[in-house]
Amino acid sequence: MKVMDTINHRMGQDTLKLASSGIENSWRMRRGFKSPNYTTHWAEIPQVTA
């Protein structure tokens, strides 16, 4: 903890955090192009032909 405190003091508050402290959900993933069955239908996998 002393090492984390030292780094945060030198580099700025919250430079390092514990994983158990969680993250801020200020962003959301866009899912407009995701297939509803993206892992269950072989027919939806793109095919590349030469």
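I call a residue buried under 20% relative accessible area, exposed over 50%, and partly exposed in between, with a 1.4 Å probe and protein chains only. Helices (H or I, at least four residues) and strands (E, at least two) are DSSP runs, numbered from the N terminus.

**Ground rules.** I am reading a predicted model, where local features need pLDDT of at least 70, side-chain atom pairs count only at pLDDT 80 or more, and totals for chains, interfaces and linings use all residues. Residues are numbered from 1 along each chain as its sequence is written, and side-chain values use heavy atoms, with hydrogens and water left out.

**Whole chain.** Next I checked burial: of the chain's 50 residues, 4% count as buried. The chain exposes about 5,700 Å², an area from the Shrake-Rupley method with a 1.4 Å probe. Carbon and sulfur atoms supply 56% of that area.

**Helix H1.** How many of the ten residues of H1 are buried? I found one, so H1 is hardly covered. Ile7 lies in this helix, which spans residues 2-11. Ile7 counts as partly exposed because its relative accessibility is 32%.

**After H1.** Gly12 follows H1 and has a positive phi, near 120°. I then moved to Asp14, in the segment after H1. Its phi is also positive, near 65°, and Asp14 is not a glycine. Why does Asp14 count as partly exposed? Its relative accessibility is 48%.

**Surface patch.** Last, I noted a nonpolar surface patch of about 380 Å². Val3, Ile7, Met11 and Leu16 make it.

How values were computed. Patch = residues over 30% accessible without salt bridge, like charges linked within 9 Å, V, L, I, M, F, W, Y side chains within 5 Å. Salt bridge = Lys/Arg side-chain N within 4 Å of Asp/Glu carboxyl O.
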